[in-house]
Amino acid sequence: NPREIVMYDNYTQTILDDFDFVGTTERFDESLVVLKLLLGLEFGDILYLSVKSAQSYEFLPNKQLCSQLVPKFVTSEMEHFFQSEF
């Protein structure tokens, strides 16, 4: 129904107008790069570490199976940064 489409488009635009930035979890890395560019930040200003760790599994619904996650590692530079008072 064309009237419903217009109504949903208007509702969606109203919601989007309330936000300055919308990132997605599916493209989180890319969303952080865009946020960095929009805010004029340096890469050193943005740091995140995944909460998923070694011996963890993730369910892949499109394949209907669980996959073991690759363990994350911390470089010596990252360790130095974490211990600093930045």
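**Ground rules.** I am reading a predicted model, where local features need pLDDT of at least 70 and side-chain atom pairs count only at pLDDT 80 or more, while totals for chains, interfaces and linings use all residues. Residues are numbered from 1 along each chain as its sequence is written, and side-chain values use heavy atoms, leaving out hydrogens and water.

**Layout.** I found three helices and two strands, in the order α-α-β-β-α along the sequence. Both are DSSP runs numbered from the N terminus: helices are H or I with at least four residues, strands are E with at least two. Of the 86 residues, 5% count as buried. Buried means under 20% relative accessible area, exposed means over 50%, and partly exposed is in between (1.4 Å probe, protein chains only).

**Helix α1.** I looked up L16, which lies in α1 (residues 2-17). L16 is partly exposed, at 41% relative accessible area. Together with Y11, I15, F19 and V22, L16 makes a nonpolar surface patch of about 500 Å². Patch residues have over 30% relative accessible area and no salt bridge; nonpolar side chains (Val, Leu, Ile, Met, Phe, Trp, Tyr) are joined within 5 Å, like charges within 9 Å.

Setting aside neighbours within four places in sequence, I see S31 in contact (heavy atoms within 4.5 Å) with F21, G23 and T24.

**Salt bridge.** My search of the whole structure gave one salt bridge, meaning a side-chain nitrogen of Lys or Arg within 4 Å of a carboxyl oxygen of Asp or Glu. E30 forms a salt bridge with R27, their closest N and O atoms being 3.0 Å apart. E30 is partly exposed at 38%.

**F43.** I found F43 in the loop between α2 and β1 (57-60), and F43 is exposed at 56%. Which residues does F43 touch, not counting those up to four places away in sequence? They are V33 and K36. The charged end of K36 sits over the ring of F43, 4.6 Å from its centre; the test asks for NZ of Lys or CZ of Arg within 6 Å of the ring centre and within 35 degrees of the ring normal.

Terms used:
Areas by Shrake-Rupley, 256 points an atom, 1.4 Å probe, with all protein chains shown as cover.
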